Amino acid sequence: MKKRFGWIGGLLLILSLGMISCSKAKEATSVRFGIVSDLHAPNVPGGRERLESFIEASDEAGVDFIVNLGDFCCLDKKSGIFREIWEGFEKDKYLVLGDQDLYRYSVDFYVEGMDMPGRYYSFDKGNFHFVVLDGNNFWDGEKIRHYDRANYGDYAPESYSYMDKEQMEWLAGDLAATDKKTILFSHQSIDSELKNGDKVREILESENRRVGFKKVVLAFSGHNHTNYTKEINGITYMQINSASYVWVGKPTQSKKRFSKKINKKYPMMAYSMMYDRSLYAIVTLTEEGAEVKGRKANFMPPAPEEIGLKDSLGIYPLVSSIEDAYVRFAD
């Protein structure tokens with residue numbers, strides 16, 4: 001009986017160790033990251049606290065890295081505290097170039113000042129490939145030029161948000177060079193904001209057709225200060241809401257929302273709806289899909305309906321949240 005018990009016990013131990021090993025192997029294939037967008041940290045009340053909230057939540061979630069989808073902060077002394085908080089996160093950090101990041105600077109100056117690898121680049125984590133894109137170009141009537149020290153102010157809005165040919169050629173080559181499932185990050189959305197987004201989507205879809213499986217699976221963007229998820233030809237596009245506010249372009253009774261001192265210090269709040277806490281998301285990737293855990297806030301009163309706003313601004317939902325979502329990667 002003792003020998004039989006020992007044999008069974010040994011078998012159970014082996015099976016148990018095997019299950020633990022499989023569990024650890026499965027856990028090792030997952031990648032988790034924190035994602036935030038459009039903090040506009042120096043230009044909103046409580047910008048520091050909003051950024052700190054994101055960093056703390058990412059740390060608590062045990063993420064592998066964090067990513068900021070643009071419109072973050074400046075390179076001046078006033079923004080030093082935001083760069084310090086960002087750099088204080090001990091794991092890897094990735095920045096996406098936003099249009100408002102170039103309000104005072106040339107693209108090369110900002111990229112170097114923020115220690116970015118380039119205006120577009122890629123990297124790997126675990127079994128996943130990540131691509132950071134730059135849609136901060138405009139069509140001047142002759143060719144696509146990059147934003148530079150707010151020169152987009154000289155052109156009509158329909159001229160904004162293009163991706164240049166050089167970058168698209170790089171993107172096609174970068175995708176072809178990896179066999180990993182691929183996630184994209186851009187400031188302007190590839191599904192609706194980029195004026196030549198159809199050409200970019202064709203690159204993504206063409207690569208999926210070439211390899212015969214869904215290699216490019218998910219694209220995150222910011223810029224429009226809203227939240228939605230949509231699928232186009234097998235690829236999911238997800239808009240990450242601003243961490244701070246939505247610009248509505250009309251008076252929002254901010255005198256009821258903030259003190260005279262605050263309104264004077266942050267004048268754009270007069271035309272914006274502020275969220276009462278920071279918005280961001282924690283994303284967990286596995287071979288099967290992406291689990292997005294978002295965050296909800298309230299509009300600081302007066303609420304949108306109190307000032308005559310509806311539930312959308314043009315084509316974009318007027319919401320104070322990043323909703324939970326699950327994106328399945330299977331074909």
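1. A residue counts as buried when its relative accessible area is under 20%, as exposed over 50%, and as partly exposed in between (1.4 Å probe, protein chains only). By that rule Phe72 is buried, at 2%.

2. A word on the basis of this note: the model is predicted, so local features need pLDDT of at least 70 and side-chain atom pairs count only at pLDDT 80 or more, while totals for chains, interfaces and linings use all residues. Residues are numbered from 1 along each chain as its sequence is written, and side-chain values use heavy atoms, with hydrogens and water left out.

3. Rings of Phe, Tyr and Trp (its six-membered ring) pair if their centres lie within 6.5 Å; planes under 30 degrees apart are stacked, over 60 edge-to-face, and the rest tilted. Phe72 sits in the loop between β2 (65-68) and α3 (80-87) and Trp86 in helix α3, so the pair ties together parts 14 residues apart in sequence. Helices (H or I, at least four residues) and strands (E, at least two) are DSSP runs, numbered from the N terminus. Trp86 is also buried, at 2% relative accessibility.

4. Next, look at Phe138 and Tyr147: their ring centres are 6.1 Å apart and their planes at 15°, so this pair is stacked. Phe138 is buried with a relative accessible area of 1%, and Tyr147 is buried with 2%.

5. The structure holds 24 aromatic pairs. One aromatic cluster is formed by Phe33, Phe65, Tyr94, Tyr121, Phe123, Phe130, Phe185 and Phe220.
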